[in-house]
Amino acid sequence: MTGLKEQLQGLKADPAAAAVAAQPKIDGKGRAYATGRRKDAVARVWLKPGIGRVTVNDRDIKEYFARPVLRMLLAQPFEIANRKEQYDVWCTVKGGGLSGQAGAVRHGISRALTNFEPGLRPVLKRGGFLTRDSRVVERKKYGRAKARRSFQFSKR
């Protein structure tokens, strides 16, 4: 047990190990990739330096997410990290509805930002953007109309 404790202390004290852990994860084209999930929606997000253009499934963000609330949701990670209009986002999203897809894209953008700039991780973590929202639809049970709703009861 003490050997493991000493090894962990050695990792914490070694700045070179911390520097290796905080390296950006960027592909050959200068992009950071991440996957975001929310409800049944899965978003694959690529992030690169740019002018703030966001493309979802080969369509502009204003065309894909028509409601301003959903667009505001996607802008939150950039606003909290003070990186508004500094990155271009290209993503594909499948499954779920528009609200779940917007949440998945937001989760993917947050994770891609931490891959591109590891120093932003504490800010995004504190804001709750890196945590996968685990709430999903409850399954229907037998003997019931829906997940919890029972059939109407008649005494006579």
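Two strands are taken to pair if DSSP finds at least two bridges between them, and helices (H or I, at least four residues) and strands (E, at least two) are DSSP runs numbered from the N terminus. The structure is a predicted model, in which local features need pLDDT of at least 70 and side-chain atom pairs count only at pLDDT 80 or more, whereas totals for chains, interfaces and linings use all residues. Residues are numbered from 1 along each chain as its sequence is written, and side-chain values use heavy atoms, with hydrogens and water left out.

Five strands form an open sheet of mixed pairing, in the order 1-2-5-3-4. Strand 1 and strand 4 (59–60) stand at the edges, each with a single partner strand, so one side of each lacks a neighbour in the sheet. Strand 1 (32–38) and strand 2 (41–49) pair in the antiparallel sense over seven bridges. Within this pairing, R37 has V42 of strand 2 as its bridge partner, and R38 stands opposite A41 in strand 2. The hairpin of the two strands has two residues between them, and K39 there takes a positive phi near 50°. Burial is expressed through relative accessible area, with buried meaning under 20%, exposed over 50% and partly exposed in between (1.4 Å probe, protein chains only). Five of the seven residues of strand 1 are buried, so this strand is largely enclosed by the rest of the structure.

Helix 5 (98–116) lies across strand 1, strand 2 and strand 5, running at about 145° to strand 1; axes are lines fitted to C-alpha atoms, for helices over the stretch in contact, and angles run from 0 to 180 degrees between N-to-C directions. N115, which lies in helix 5, counts as buried at 17% relative accessibility. With contact defined as heavy atoms within 4.5 Å, and residues up to four places away in sequence not counted, N115 touches P24, K25, A32, Y33 and A34.

A nonpolar core is a set of buried Ala, Val, Leu, Ile, Met, Phe, Trp, Tyr and Cys residues joined through side-chain atoms within 4.5 Å. The largest such core has 30 residues, of which L47, F65 and L113 touch the most other members. Two or more residues are given to this core by each of strand 1, strand 2, strand 3 (54–56), helix 3 (61–64), helix 4, strand 5 and helix 5, and the largest share, seven residues, comes from helix 5. Beyond four places in sequence, the contacts of L47 include G30, R31, F78, V89, L113 and F116. R31 is found in the loop between helix 2 (15–21) and strand 1 and counts as partly exposed at 23% relative accessibility. With the same exclusion of sequence neighbours up to four places away, R31 touches K25, I26, W46, L47 and K48, and its C-alpha atom is separated by 8.0 Å from that of P49, 18 residues apart along the chain.

The structure holds five aromatic pairs. Rings of Phe, Tyr and Trp (its six-membered ring) pair if their centres lie within 6.5 Å, and planes under 30 degrees apart count as stacked, over 60 as edge-to-face and the rest as tilted. The rings of Y33 and W46 have centres 5.0 Å apart and planes at 45°, so the pair is tilted; this pair links Y33 in strand 1 with W46 in strand 2, 13 residues apart. Y33 is partly exposed at 36% relative accessibility, whereas W46 is buried at 14%. W46 also pairs with W90, with ring centres 4.8 Å apart and planes at 45°, so this pair is likewise tilted, and it links strand 2 with strand 5 across 44 residues. W90 is partly exposed at 35% relative accessibility, and ring pairs link Y33, W46 and W90 into a cluster.

A salt bridge is defined as a side-chain nitrogen of Lys or Arg within 4 Å of a carboxyl oxygen of Asp or Glu, and the count by this rule is nine. R83 and E117 form one of them at 2.8 Å, N to O, joining the loop between helix 4 (68–80) and strand 5 (87–94) to the loop between helix 5 and helix 6 (121–127), 34 residues apart. A salt bridge of 3.0 Å, N to O, is formed by E138 and R148, both in the segment after helix 6, so the pair ties together parts that are 10 residues apart in sequence. E138 is partly exposed at 37% relative accessible area, while R148 is exposed at 63%.
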